[in-house]
Amino acid sequence: MKLILHYLYRHIAVFLFSTFFLTMEAIADLLQPTFMSFIVDKGVANASINTILFYGAIMLGIAGIGAISAVMRNNFASRTSQTIGKELRKDMYHKVQQLSLENIDRLQPASIITRITNDVTQVQEFVNSIMRMMIKAPITCIGAIVLIILQTPKQAPVIIAITAVVALLTFGNIKIGYPKFGTVQKRLDRLNGVAREFLSSVRVVKAFNAEDRETQKFDTASLDLASANVAALRVMACFAPLVNLTVNFGIVILLWISRNHEAAHIGKLMASINYMTQVLFAVSMIFNIINTAVRAMASSERIQEVLNEKPAQVQPADPLAPEIRGDIRFENVSFAYAGTGKAALQNINIHIRAGETIGIIGPTGSGKTTLVNLIPRFYDVTEGRLLLDSCDVTQIDIKLIRSAVAVVPQKPLLFSGSIRDNLRWGNETADDAEIREAASIACADSFIRETEHGYDTQLGQAGVNLSGGQKQRLSLARALLRKPRILILDDCTSALDAQTEAAVLNGLHNMCGEMTVLLISQRIYTVRRADRILCLADGMVQGFGSHEELMASCKTYQAIYESQIGSEDNVS
Ligand code: ADP
Ligand code: MG
């Protein structure tokens with residue numbers, strides 16, 4: 001609630017304006033039946049056309065004012081709620097940009113998306129509904145009841161009793177119906193989850209011929225949603241006739257107790273019945289607002305959680321800006337992912353000199369990716385220190401680190417846009433010659449030129465229209481364009497055939513010069529030409545040295561070598 005008030009307060013002037021128009025509208029609505037009673041009681045009863053026209057004109061004027069007020073408050077309400085929605089989305093998005101991977105792991109990307117979209121919409125709806133009706137409902141409620149008592153004091157108790165019964169019915173309906181709509185919401189989430197999972201893993205599903213199973217899962221989720229909806233709507237459906245019945249019974253009772261009154265009061269009775277419907281409408285509006293409020297509260301808490309998330313990494317107040325040459329030192333480094341008890345890296349002590357090419361090898365889950373992710377500070381060490389050119393990474397300006405380090409991730413990530421745009425992510429000012437050079441080293445130039453539009457070929461979202469190997473090569477070219485001091489290649493040649501991989505490694509070898517290269521791979525063949533090789537298992541260093549040294553001294557390395565060379569022997 002505090003959050004919503006905070007954002008609403010920024011638009012307090014508009015809010016007050018809209019409240020003013022809302023009040024005008026409520027008063028206009030309240031005046032109409034009274035003037036109608038004058039028409040009936042004074043004009044129709046006395047057959048005076050002039051009186052009828054006079055009060056008719058006043059009613060028209062009031063209706064005009066009411067209509068203008070309604071248009072104005074709607075306009076203000078929509079504009080303000082949309083603006084608040086926009087501000088919330090912007091603030092959340094901005095916040096998420098500042099968060100580290102550790103925060104994002106904790107909040108979960110899918111949940112962040114629902115919060116930025118669905119939860120903001122709930123809050124937006126709430127702001128819209130309070131600006132459109134909050135003041136109006138109580139004014140109408142109280143005003144109409146007072147007017148009923150003034151107009152028809154005798155019938156007032158009956159009218160108020162009917163209103164009370166209907167209010168109780170509405171309350172009961174919400175009490176029973178609301179949890180059912182809660183279930184609907186949960187099942188909708190589940191259906192979304194099933195659909196999202198299928199769409200993101202469509203290839204695997206097809207490869208395993210699992211379409212039927214997935215369809216079955218979807219059908220079940222869809223059926224569950226439908227039955228929850230039916231149950232909720234059924235409750236709502238019995239309620240409307242009950243209200244109608246009460247109101248109509250009430251009218252019969254009213255006419256019955258008014259039957260002995262002189263005809264002059266017919267107009268007043270009509271006005272009172274009209275006021276009664278206004279009260280009923282206001283009551284259901286109030287319950288509606290409460291309903292939206294409950295949902296908005298839940299959503300605002302989820303939004304607040306994102307906004308309150310403290311970035312796990314803080315930029316030092318007085319950051320150092322050393323010249324980064326590419327000297328990397330791990331001192332007693334241990335690391336555990338937040339929320340997991342197990343250390344992903346333990347007691348790492350290594351020194352990588354500027355300009356070295358280091359191969360990193362080890363079984364899956366041995367901590368290779370985790371190790372290199374510490375260098376650009378995707379995560380921070382849990383224990384020990386990581387030094388870049390003798391400065392603790394946590395003391396260095398993070399922008400400086402990220403501009404000196406290029407990472408080619410295990411899973412290449414491309415964006416929709418042209419191939420050229422994607423490569424320029426590495427270096428916005430690169431010209432065509434530089435782009436082509438980088439693409440040639442990554443063995444991407446030839447396949448790009450074979451496409452119909454060359455470098456202007458448009459990629460689908462995440463580069464869906466490319467093969468895995470093509471994506472890897474583009475992702476590598478993008479990193480090379482940056483001309484980084486430290487180049488991290490996380491198993492990024494895994495989808496290339498042996499010949500292309502050899503060509504890429506050759507190209508890299510020729511260009512790397514003073515660059516420090518960390519080359520992760522599962523294949524001995526890929527890392528064996530590196531200056532030194534780091535062999536990891538279970539988050540611990542098993543050996544660090546040249547191929548020959550490791551062959552002589554490191555058991556894990558020997559085992560990997562034998563399994564791979566052995567299998568090649570079997571093939572040939
Ligand atoms: P490799 O790259 O050698 O295959 P990783 O560095 O990816 O291995 O993983 C090392 C260990 O850390 C594994 O046990 C893995 O399950 C765990 N791990 C990796 N990423 C995360 C994460 N984001 N959250 C929690 N645990 C993780
Ligand atoms: Mg990995």
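Biologist: Which residue forms a salt bridge with R10, the closest N and O atoms being 3.4 Å apart?
Modeller: This is a predicted model, in which local features need pLDDT of at least 70 and side-chain atom pairs count only at pLDDT 80 or more, while totals for chains, interfaces and linings use all residues; side-chain values use heavy atoms, with hydrogens and water left out. Residues are numbered from 1 along each chain as its sequence is written, and chains are lettered from A and ligands numbered from 1 in the order in which they are written. A salt bridge is a side-chain nitrogen of Lys or Arg within 4 Å of a carboxyl oxygen of Asp or Glu. At 3.4 Å between the closest N and O atoms, the partner of R10 is E87.

Biologist: How many residues apart in sequence are the parts that R10 and E87 tie together?
Modeller: R10 lies in the loop between α1 (2-9) and α2 (12-44), whereas E87 belongs to helix α3 (residues 49-98). Helices (H or I, at least four residues) and strands (E, at least two) are DSSP runs, numbered from the N terminus. The bridge therefore ties together parts whose separation in sequence is 77 residues.

Biologist: Does E87 count as buried or exposed?
Modeller: Buried means under 20% relative accessible area, exposed over 50%, and partly exposed in between (1.4 Å probe, protein chains only). R10 is partly exposed because its relative accessible area is 45%. E87 stands at 18%, so this residue counts as buried.

Biologist: Which residue meets K136 in a salt bridge at 3.0 Å, N to O?
Modeller: The side chain of K136 reaches across the sequence to that of E25 at 3.0 Å, N to O. The two are 111 residues apart, with K136 in helix α6 (residues 136-151) and its partner in helix α2. Both E25 and K136 are buried.

Biologist: Which residue forms a salt bridge with E434, the closest N and O atoms being 3.3 Å apart?
Modeller: The partner of E434 at this distance is K483. E434 is in helix α14 (residues 432-441) and K483 in the loop between α16 (468-481) and β9, so that the pair links distant parts of the chain, 49 residues apart. E434 is partly exposed at 25% relative accessible area. At 53% relative accessibility, the residue that counts as exposed is K483.

Biologist: Which residues do salt bridges that share partners join into one network?
Modeller: A search of the whole structure finds 22 salt bridges. Some of these share partners, and the network they form joins E25, D29, R73 and K136.

Biologist: Which side chain of opposite charge is nearest to D490?
Modeller: D490 is found in strand β9 (residues 486-490) and is buried yet has no salt bridge. Lys and Arg count as positive and Asp and Glu as negative, while His and the chain ends are not counted. On that basis the nearest side chain of opposite charge, 6.8 Å away, is K368.

Biologist: Which residues coordinate the magnesium ion (ligand 2)?
Modeller: Donors are N, O and S atoms within 2.8 Å of the metal (3.2 Å for Na, K and Ca); water is not among the atoms, so sites may look incomplete. The OG1 atom of T369 and the OE1 atom of Q410 coordinate the ion at 1.9 to 2.6 Å. T369 is in helix α11 (residues 368-373) and Q410 in the loop between β6 (405-408) and β7 (417-418), 41 residues apart.

Biologist: How many aromatic pairs does the rule give?
Modeller: Rings of Phe, Tyr and Trp (its six-membered ring) pair if their centres lie within 6.5 Å; planes under 30 degrees apart count as stacked, over 60 as edge-to-face and the rest as tilted. By this rule the count comes to 12.

Biologist: What is the angle between the planes of F20 and F21?
Modeller: The centres of F20 and F21 are 5.3 Å apart, and the pair is edge-to-face. F20 counts as partly exposed at 46% relative accessibility, whereas F21 counts as buried at 17%. F17, F20, F21 and F76 form one aromatic cluster. Between the planes of F20 and F21 the angle is 70°.
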